[in-house]
Amino acid sequence: MNRRTRSKMPEWLALKEHAASMKRRHLRDLFAADPERGRRYALQAEGIYLDYSKNPLSDETLKLLFALARACDLEQETRRLFSGEKINQTEGRPVLHWALRDASGCPLPVDGVDVMPLIREVRERMAAAAGRMRSGNWIGHGGRSLRHIVHIGIGGSDLGPRMACSALSFYSQLDLPVHFVSNLDPGHLAATLRFLSPETTLFILASKTFTTQETMANAAGARDWLLEHFQDRAALGRHVVAVTANPQAALAWGIAAENVFEFWDWVGGRYSLPSAVGLPLMMSVGPERFMEMLSGFEAMDNHFRSAPPQANLPLLLALLGVWHADFMGAATHAVLPYSQYLRLFPAFLQQLEMESNGKGVDRDGREVDYATAPVLWGEPGTGGQHAFFQLLHQGTQAVPCDFIGFRRTLDPFRDHHEQLLANLFAQAQALAFGSTREELAHAGVPAEILPYREFPGSRPSNILLAEELTPGVLGKLIALYEHKVFAQGVLWNIFSFDQWGVELGKRIAGRLLPKIKGELPADDEDSSTRALIEYCRKQ
């Protein structure tokens, strides 16, 4: 590993100098100078087509970016990831989410134990449970088939399966709806249970530690709801399952041993969808579709670890992101899926990217003096066009965008889909090229409103296209962004697989709770917090 701070590396300084000249070049000029730019700056791999021509870059830019990746030992760091080394150094753990979808048959020892048989065993148990639910053979305590699934989790234990169930809802079993509860706000659980019956509801409690405050509070609410109806704790054995890395805590809570599905501390929550955390997805779409998704994950894993840099999709996205964040001054990044099925994909990526790389200290414990993860946000097109695209086109800051689309629709409304693609391509084109006052005047726009109608253009974007949204394609898209995040962590010399930034607020909340309840005085708190507690107590 190059121990020099990133911003002092010759490769970094060369990019900084180069960026100054690229900021003066408009995308209109770059396209005019190279009639084949749209084809040259495009890459197709694993069924995904990436058009990155609408970014302010040149051959020299790419040369310098790839030189930075080499100088940061990215190839060696990738080997360490896939060899099972403990690259999550602050927690002393390997990073093995990729093993959850590895079908190579090769052993993978962790502390002397081959984890691959454990992974297969849990997946077989998941498939058996999914089969019981889908067939109607999972019988509840009152003798009726369980036909509703309520998944209780938060963070990675919620965002992954919730996003995937939405993304693959076309393939779901219609008479087996899946509901998700994550918020500690009691309204979330109450609103979900309002139209359900204890007789036909299965709860999945997903918590890595089985101590997560929000999840355990909602789990207690679900338990009370069941027991109020059945008046028999034995009902928990038929109506509740657990997904956890702490099976003993789940057993102590009252869950039957056969209903505990384990995953492991070397699986980060935001990377846990292919583990038992994906149980509600497997129940919804079936084991076969779930395995198709895992095959998609594995295909992108293999692509990332073996493709040369110039043809490597995750690496290219990672380098483009570093280029925008650190050299072109972009503070945010928008992900804009032109697919209603992917409406939760930006929220999923928010956690993946911002929890992984939202770090201000490098691997050597030094404060960084460069940007790391940008603020990631987004909504599906075309709804976003009527909400925030105004800022994208004419605002005071350039926001790099990832547009995601599909050549074919899963649904019968073909004309709708062709209109959708037209809008996707149009937005990227408008962001890139804009419209000048001269063009507008020639089109007859009155002079007094020309300033308001002008579009500056040169706003960067990528377009990612796949054939259609299948389980396999979803797996490839998720893994694409996972490896992009990993590569950027290496380029920024930060640890991507811990999340210590979520701990302080949790500790303070634990300290404040008895004071809000009135069990302890709040005299030792700051004046703001003390006043807030006093105000809530008075109510």
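How do the residues of the lining of the largest cavity divide into nonpolar, polar and charged? The structure is a predicted model, in which local features need pLDDT of at least 70 and side-chain atom pairs count only at pLDDT 80 or more, while totals for chains, interfaces and linings use all residues. Residues are numbered from 1 along each chain as its sequence is written, and side-chain values use heavy atoms, with hydrogens and water left out.

The lining of the largest cavity comprises 5 nonpolar, 2 polar and 3 charged residues. In this classification, Ala, Val, Leu, Ile, Met, Phe, Trp, Tyr, Cys and Pro are nonpolar, Asp, Glu, Lys and Arg are charged, and the others, Gly among them, are polar. The residues concerned are Glu77, Arg80, Ile87, Gln89, Arg363, Phe486, Ile494, Phe495, Ser496 and Phe497. The volume of this cavity is about 60 Å³, and the structure holds 5 cavities of 30 Å³ or more. On a 1 Å grid over the protein atoms alone, a cavity is a set of points where a 1.4 Å probe fits but cannot get out, whereas a pocket is an open set with protein on both sides within 12 Å along at least five of seven lines; lining residues have an atom within 4 Å of a point. Grid points are joined across faces, edges and corners, and a volume is the space filled by probe spheres set on the points.

The largest pocket holds about 940 Å³ of space. Its lining consists of 38 residues, of which Thr212, Gln499, Val502, Glu503 and Lys506 lie nearest the centre. Two or more lining residues come from each of helices H7 (156-167), H9 (213-230), H15 (345-357) and H21 (503-516); H21 gives the most, with 4 residues. Helices (H or I, at least four residues) and strands (E, at least two) are DSSP runs, numbered from the N terminus. By class, the pocket lining has 13 nonpolar, 16 polar and 9 charged residues.

Helix H13 (residues 287-306) and helix H20 (residues 471-492) have axes that come within 7 Å and cross at roughly 40°. Such axes are lines fitted to C-alpha atoms, for helices over the stretch in contact, and angles run from 0 to 180 degrees between N-to-C directions. The contact (heavy atoms within 4.5 Å) includes Met293 and Phe297 of H13 and Leu474 and Phe486 of H20. It has 11 nonpolar, 4 polar and 5 charged residues.

In the loop between S11 and H16 lies Thr382, and the peptide bond from Gly381 to Thr382 is cis, with omega near 10°. Asp111, in the loop between strand S3 (109-110) and strand S4 (113-114), has a positive phi of about 50° although it is not a glycine.
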